[in-house]
Amino acid sequence: MKSMPDVDQPMTIFNDVRAILVDLLDVEPAEIGAGTYLVRDLGIESIDFLELAVALNSRFKVRIEDNDIFLFGLRAQLAKAGPNPAPTPEALQAKFPFLSQQRLMEILQDLDYGPVVKVADLVAYIQWRKAMEAAA
Amino acid sequence: MAQRVVITAVGIVSSLGWDIARIIQNLEAGKVCFARPPFEPTVAVAPVADFDARFHIGRFKHLRYLNRGARFAAASACRAVAQSGLTPAKLAGAGLFVGAGPHLDIGTEFPEIHQGNLDYEGLAALWMLRFLPNSAAAAIAQLCGLRGENATIATACSASLQAIGEAFRRIKDGYLDVALAGGGDSRLNPGGILAYKKAGVLSALPGPPEQAGRPFDELRQGFVPGEGGAFLVLESLTHAQERRASIWGEVCGLGLSLDGLTMTAPDSKGIQAEKAVRSALQEAGLSSEEVDVISAHGTGTYLNDAVEADLIHRVFAPRTPAVTAFKSWIGHSASACGALETALLLINMQAQLLPEIRNLNRPCRSAVNFLNQKLAGSIQTAVIQNFGFGGQNCALVIRRHQA
């Protein structure tokens with residue numbers, strides 16, 4: 001089996017994402033971990049999401065869909081599906097294939113506490129997107 | 001009832017420094033900062049060496065959206081607010097008046113455009129914000145917590161003096177108790193130099209760059225671009241006294257007018273400029289004999305200085321006040337010049353020492369009292385004059401505060 005190149009490792013991607021966030025938000029690297037919330041912890045606002053998408057695209061050379069990577073489409077998706085039956089991770093995975101079922105379950109339980117997107121979700125998206133584009 | 005309006009804080013970032021004691025030292029020692037830009041060594045510039053906006057404003061993720069001029073604005077605004085001691089509640093009600101101009105640093109912003117596409121590593125998605133004149137105001141409002149009535153004034157080189165004047169009027173008329181007013185600008189980048197060189201307004205005098213700017217001297221032949229920022233906190237006298245603020249001076253009158261004749265050059269007769277000066281004096285309730293000092297626009301261009309010298313003579317003869325020209329010390333900072341010159345004048349009023357016009361060997365008018373050496377002593381009343389492209393005229397009267 002061919003080993004994956006080092007640049008596609010989650011840790012490498014995380015380090016690059018963190019470097020982008022440090023520069024963009026004028027914060028210390030120590031303030032950013034995989035579990036850090038973009039909005040709740042880092043105070044990211046719409047203008048920063050725009051810059052972040054441009055910077056991620058420029059760094060990783062993959063297409064960045066704002067609605068997916070930043071989970072902007074999540075609540076719309078849930079609203080469209082309606083409350084019955086109760087949303088399941090399985091149902092969401094079609095729309096957000098880069099997130100694990102475990103992570104989607106966590107997200108569903110976290111919705112009432114504010115915007116759910118975390119640094120690790122960006123890393124997962126980029127890793128998934130890179131694999132997709134490499135396969136294509 | 002009209003309110004009396006006083007100045008309670010002065011924030012400045014200039015080529016003479018940002019620490020007020022250091023600025024006085026440099027003015028006393030004649031220590032200036034002029035240079036030849038490497039990309040155009042035929043002109044001279046007056047840069048602010050070692051300027052780092054974060055040193056003055058702290059961490060700010062939106063700094064990337066501020067051009068260098070807007071960074072000077074934000075830096076000097078933060079310094080003024082820190083000095084003022086105003087509480088967050090007072091700041092939230094305060095007004096904000098910012099003099100701003102165009103961002104001319106096109107070469108650095110757009111090293112290349114390919115087939116209609118503009119992109120390079122590190123280009124901010126919202127690079128547009130560096131070109132919007134009110135980005136400085138948006139940043140200052142965030143950094144300092146200002147939420148009140150505001151305006152960004154774009155009247156060329158009279159903009160930041162007019163911004164101070166607008167704040168003065170709003171407080172005088174009771175619309176505001178407190179306001180922050182001033183501006184920041186920098187046009188000594190390649191785009192700015194190219195634009196002004198093409199317009200034929202820059203000094204191309206050879207020799208040491210610190211001798212290239214010569215306001216009111218017979219040998220003058222153009223201005224020296226400078227940069228920097230200055231903001232003042234203005235408040236009603238009542239408000240300042242209630243919070244026991246220390247008072248730098250009082251603003252007493254504003255005069256504004258438009259030549260309505262040309263796109264760049266001032267009216268050679270200075271008719272509307274004279275009206276601006278006279279109406280500022282009238283609002284201040286002062287006769288021309290009562291003025292001690294004039295801070296002249298004094299760009300060092302042939303026409304500006306000739307028109308301004310004649311205007312001073314017409315308004316103030318036979319006894320013209322001592323005339324100084326701070327552009328001989330810090331260059332011409334475009335839309336920020338009025339705020340910088342007012343700040344320097346206030347600093348000098350407090351230090352009781354007015355600097356001479358540098359490089360003034362042969363004054364262009366003998367009947368005007370141009371300062372060719374330092375003037376020690378108390379200054380009671382001063383007029384600040386600025387005139388801009390488009391025939392923009394502004395004059396402001398300030399007075400030493402008497403309780």
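Hi everyone. From the N terminus on, chain A runs α-α-α-α-α-α-α, that is, seven helices and zero strands; helices (H or I, at least four residues) and strands (E, at least two) are DSSP runs, numbered from the N terminus. Please keep in mind that this is a predicted model, where local features need pLDDT of at least 70, side-chain atom pairs count only at pLDDT 80 or more, and totals for chains, interfaces and linings use all residues. Residues are numbered from 1 along each chain as its sequence is written, with chains lettered from A and ligands numbered from 1 in the order in which they are written.

Let's start with the overall dimensions. Along the principal axes, the C-alpha atoms of chain A fill a box of roughly 45 × 40 × 20 Å. In chain A, 27% of the 136 residues count as buried, meaning 20 or more other C-beta atoms within 10 Å of a residue's own, with C-beta atoms placed from the backbone.

How do two helices of chain A pack? The axes of H1(A), residues 10–25, and H2(A), residues 46–60, come within 10 Å and cross at roughly 140°. Axes here are lines fitted to C-alpha atoms, for helices over the stretch in contact, and angles run from 0 to 180 degrees between N-to-C directions. H1(A) and H2(A) are therefore oblique to each other, the class left once angles under 35 degrees (roughly parallel), over 145 (roughly antiparallel) and 65 to 115 (roughly perpendicular) are taken out. On the H1(A) side, Asp16(A), Ile20(A), Leu24(A) and Leu25(A) meet residues of H2(A), including Leu52(A) and Arg59(A); contact requires C-beta atoms, placed from the backbone, within 7 Å. This H1(A)–H2(A) contact has six nonpolar, no polar and four charged residues. For those classes, Ala, Val, Leu, Ile, Met, Phe, Trp, Tyr, Cys and Pro are nonpolar, Asp, Glu, Lys and Arg charged, and the others, Gly among them, polar.

Over to chain B. Helices H10(B), residues 271–284, and H11(B), residues 302–316, have axes that come within 10 Å and cross at roughly 45°. That makes H10(B) oblique to H11(B).

Finally, where the chains meet, seven residues of chain B are in contact with eight residues of chain A. The chain B side divides into four nonpolar, no polar and three charged residues.

Notes:
Two residues are in contact if their C-beta atoms, placed from the backbone, lie within 7 Å. A residue is buried if 20 or more other C-beta atoms lie within 10 Å of its own, exposed if 12 or fewer, and partly exposed in between; C-beta atoms are placed from the backbone.
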